[in-house]
Amino acid sequence: MKSAALDELSAKLGCEVRLNEPLSEYTTYRIGGPASAMVFPRSAEDVAAAVRFARETETPYLILGLGSNVLIADRGFDGIVIRIGKGMDRLERVGEGTVWRAGAGLPTPILARRTAAAGQAGVHLLVGVPGTVGGGVFMNAGAHGQEFGRVVREVKLVDSAGEYRTLKGEEIAWRYRASGLDSNVVVEAVVELEASDPGELKEEVARHLRWRKAGTPFTQPCCGSVFRNPSPPGTSRGAPGKTAGQLIDAAGMKGFTVGKAQVSPKHANYIVNLGGATAAEVLAVIEAVRERVLKEFGIELELEVKVIA
Ligand SMILES: Cc1cc2nc3c(=O)[nH]c(=O)nc-3n(C[C@H](O)[C@H](O)[C@H](O)COP(=O)(O)OP(=O)(O)OC[C@H]3O[C@@H](n4cnc5c(N)ncnc54)[C@H](O)[C@@H]3O)c2cc1C
């Protein structure tokens with residue numbers, strides 16, 4: 001990015017803009033080189049202004065939530081990163097019913113806990129998905145049978161021209177870990193939940209968090225599942241057969257390490273950063289895993305993590 005454009009960006013936007021910001025500080029992998037510019041919008045208007053600026057100056061841009069499903073290149077991102085978090089993290093109940101309006105920057109675990117505490121079920125099992133609502137809608141994040149696509153009734157977007165759009169849930173092409181919203185920015189989501197017993201929900205939330213802590217490398221930098229579960233032909237959901245993790249385990253890849261990147265011995269679909277891993281090392285592990293699973297089982301694993309190269 002040219003420095004004149006960077007100066008103009010800071011002057012034009014009403015929100016905070018940081019230059020040459022290390023992206024490793026904004027990803028759960030703790031990996032990623034610098035962004036030429038990083039914008040911290042506090043409203044949908046800030047997002048729209050940043051997108052319009054990028055379009056007018058023909059500058060590439062990247063939307064980032066909590067960075068929990070991305071692997072960003074070691075050389076960083078030569079463009080504008082629009083980081084949606086604080087300032088766009090409001091949560092309000094619409095009336096007295098089961099409908100909630102959430103800002104895209106709200107962490108999904110907070111959505112899960114607050115709605116469960118109010119006795120509402122539908123997203124409480126997403127308590128261990130450490131991203132934002134915006135990233136969750138974009139990815140159609142899910143766990144234990146719950147996923148955003150099942151509860152979203154409306155999404156407010158900024159499109160690639162920097163214009164606002166609103167889509168109903170049924171207008172979105174929900175698929176397994178995908179929404180088809182590519183090139184749109186989610187700025188707000190309305191979800192509809194179901195009344196339930198707060199005590200039971202609290203217990204379920206606690207049980208699922210215990211399961212996460214026991215079964216996944218909860219304390220190591222990672223991006224969650226690296227690969228999608230393979231789908232049988234003609235279906236859009238994960239395979240009822242072997243999961244990606246089971247295939248990788250059966251291929252004998254648990255513990256496989258390149259530099260500081262390792263297939264977690266605890267959960268084979270997690271590649272963890274042992275401390276100071278590079279994106280190149282994680283990619284080398286990914287390639288080795290794919291090759292081995294293809295050779296052993298004839299299955300081509302697809303990436304769930306978004307690689308920003
Ligand atoms: C320990 C761990 C456990 C996990 N467990 C699960 C799990 O059980 N289920 C599951 O589904 N995922 C899981 N994940 C992955 C991840 O948390 C989810 O995909 C999450 O929803 C990503 O949200 P994010 O805000 O971090 O998105 P990011 O990682 O910041 O971005 C992911 C993608 O979404 C896009 N994006 C982000 N925000 C927006 C927005 N507002 N508008 C448009 N596009 C946007 C980005 O451009 C990128 O392409 C896990 C991750 C970790 C680290």
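Reader: Which residue in β17 stands opposite Gln262?

Author: In this predicted model, Gln262 faces Val272 of β17. Strand β16 (residues 261–263) pairs with β17 in the antiparallel sense, over 3 bridges. An open sheet of 3 strands, with antiparallel pairing, runs in the order β15-β16-β17. Its edge strands, β15 (257–258) and β17 (271–273), each pair on one side only. Helix α8 (residues 279–297) packs on this sheet and touches β15, β16 and β17, its direction making about 30° with that of β16.

Reader: How is the packing of two helices described?

Author: One gives the angle between the two axes and the distance between them. Here, the axes of helix α3 (residues 108–117) and helix α6 (residues 198–215) come within 8 Å and cross at roughly 150°. An angle over 145 degrees counts as roughly antiparallel, and α3 and α6 are therefore roughly antiparallel to each other.

Reader: Which residues of α3 and α6 meet?

Author: Arg113, Ala116 and Ala117 of α3 meet Pro198, Leu201, Val205 and Leu209 of α6. The residues of this contact comprise 6 nonpolar, no polar and 1 charged.

Reader: Is Val137 buried or exposed?

Author: Buried means under 20% relative accessible area; Val137 has 0% relative accessibility and therefore counts as buried. Val137 lies in helix α4 (residues 133–139). Leaving aside neighbours within four places in sequence, Val137 is in contact with Phe148, Val152, Val155, Trp174, Ser179, Leu181, Val186 and Ala189.

Definitions and conventions. Residues numbered from 1 in each chain as written. Predicted model: local features only at pLDDT ≥ 70, side-chain atom pairs only at ≥ 80, totals over all residues. Heavy atoms only, no water. Axes fitted to C-alpha atoms, helices over the stretch in contact; angles between N-to-C directions. Helix = DSSP H or I, 4+ residues; strand = E, 2+ residues; numbered from the N terminus. Parallel < 35°, antiparallel > 145°, perpendicular 65-115°, else oblique. Contact = heavy atoms within 4.5 Å. Nonpolar A, V, L, I, M, F, W, Y, C, P; charged D, E, K, R; others polar. Buried < 20%, exposed > 50% of the residue type's maximum accessible area, 1.4 Å probe, protein only. Pairing = 2+ DSSP bridges.
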